[in-house]
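Subject: Structure handover

Hello,

Here is the structure I promised to pass on. Please open it alongside this note, and then read on for what turned up.

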Amino acid sequence: MTTRGELPSSTTADFAPAFIQLLQPAMVAVGQAITLEVLVTGTPKPKLYWFCEKRKLRDSRNVSLTEEEIQMPLKVEEEKKVKEGPQSVAIKSQLVISSAEEFDAGKYTVRAINRAGVKSTSVNLVVKGQPTSSVSSSAILFHFIQSLYCLHLISQFHLYFAQFTSAAYVALG
């Protein structure tokens, strides 16, 4: 019951975001897929933001961001004892890069924000190696044909030069 001028008390307490699963160090070969994942709780439900080198990420052709709510018990520390509390919602968030490129390497950060606080976790993604199949066969074919054409021009020049020198030799001779 509230009296005039007082705000009603909230039935649920606010809890700052807390990461149950942090980002894990990751390494991927160029051209391979990679998934980065976190699990976070908080009341009210935190908003999650993904960053790469301080650049906010969004869904794109090569990057997919997903969130899924998972029901789990909320643990509340009270007088140095952990007691089971009411059911809480955890958020599983994933960032999937479908085909990693060298420019995808860097520091990835997930920031969880609600009115009770802000938390973040970061990790470095390493992208290594030569492309497994990212150099298209059409690019290889183009360079091969270009090389053949150059060889053809060189052989034509040699034939022309040989004919010219033979004609000059006969004229002088």
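Predicted model: local features only at pLDDT ≥ 70, side-chain atom pairs only at ≥ 80, totals over all residues.

**Sheet pairing**

Strands S4 and S8 run antiparallel and are joined by 6 bridges.

The sense is antiparallel, over 9 bridges. Tyr 108 stands opposite Val 123 of S9. The two strands are connected by a hairpin through 2 residues.

S4 pairs with S5 as well. These two run antiparallel and share 2 bridges. Phe 51 has Lys 56 in S5 as its bridge partner.

Put together, these strands belong to an open sheet of 5 strands, in the order S2-S9-S8-S4-S5, and the pairing is mixed. Which strands form the edges? They are S2 (26–29) and S5 (55–56), each of which pairs on one side only.

**The whole chain**

The protein chain has 1 helix and 9 strands. Reading from the N terminus, the order is β-β-β-β-β-β-β-β-β-α. The chain has 173 residues, and 24% of them count as buried. Its accessible surface is about 12,700 Å². Carbon and sulfur atoms hold 58% of that surface.

Contacts across the sequence are worth a look too. Take the contacts with a separation of 6 or more: 66% of them are between residues 24 or more positions apart.

**Salt bridges**

How many salt bridges does a search of the whole structure find? The search finds 3. The general idea is simple. Side chains of opposite charge can pair when their charged atoms come close.

Begin with Asp 14 and Arg 115. Their closest N and O atoms are 2.7 Å apart. This pair links distant parts of the chain, 101 residues apart. Asp 14 sits in the segment before strand S1 (15–21), and Arg 115 is in the loop between S8 (106–114) and S9. Asp 14 is partly exposed, at 35% relative accessible area. Arg 115 has 66%, so it counts as exposed.

Next come Glu 69 and Lys 45. Here the closest N and O atoms are 2.8 Å apart. Glu 69 lies in strand S6 (residues 63–78), while Lys 45 is in the loop between S3 (34–43) and S4 (47–52), so the pair ties together parts 24 residues apart in sequence. Glu 69 is partly exposed, with a relative accessible area of 46%. Lys 45 is partly exposed at 47%.

Then there are Lys 92 and Glu 68. Their side chains meet in a salt bridge at 3.7 Å, N to O. Lys 92 is in strand S7 (residues 81–97) and Glu 68 in strand S6, and the pair links distant parts of the chain, 24 residues apart. Lys 92 has a relative accessible area of 24% and is partly exposed. Glu 68, at 42%, is partly exposed.

Ser 93 has its place in strand S7. Is Ser 93 buried or exposed? Its relative accessible area is 1%, so Ser 93 is buried. The side chain of Ser 93 makes a polar contact with the side chain of Trp 50, at 2.9 Å. Leaving out residues up to four places away in sequence, Ser 93 touches Leu 36, Glu 37, Val 38, Leu 48, Trp 50, Thr 66 and Glu 67.

Val 127 is found in strand S9 (residues 117–128). Its relative accessibility is 13%; the cut-off for buried is under 20%, so Val 127 counts as buried. Beyond its neighbours within four places in sequence, Val 127 is in contact with residues including Val 28, Ala 29 and Val 30. Other contacts of Val 127 include Ala 100, Glu 101, Glu 102, Asp 104 and Ala 105. Asp 104 is 23 residues from Val 127 along the chain, and the C-alpha atoms of the two are separated by 7.1 Å.

Best wishes

Definitions and conventions: Residues numbered from 1 in each chain as written. Heavy atoms only, no water. Helix = DSSP H or I, 4+ residues; strand = E, 2+ residues; numbered from the N terminus. Buried < 20%, exposed > 50% of the residue type's maximum accessible area, 1.4 Å probe, protein only. Contact = heavy atoms within 4.5 Å. Areas by Shrake-Rupley, 256 points an atom, 1.4 Å probe, with all protein chains shown as cover. Salt bridge = Lys/Arg side-chain N within 4 Å of Asp/Glu carboxyl O. Pairing = 2+ DSSP bridges. Polar contact = N/O pair within 3.5 Å; in protein donor to acceptor, adjacent residues only side chain to side chain.
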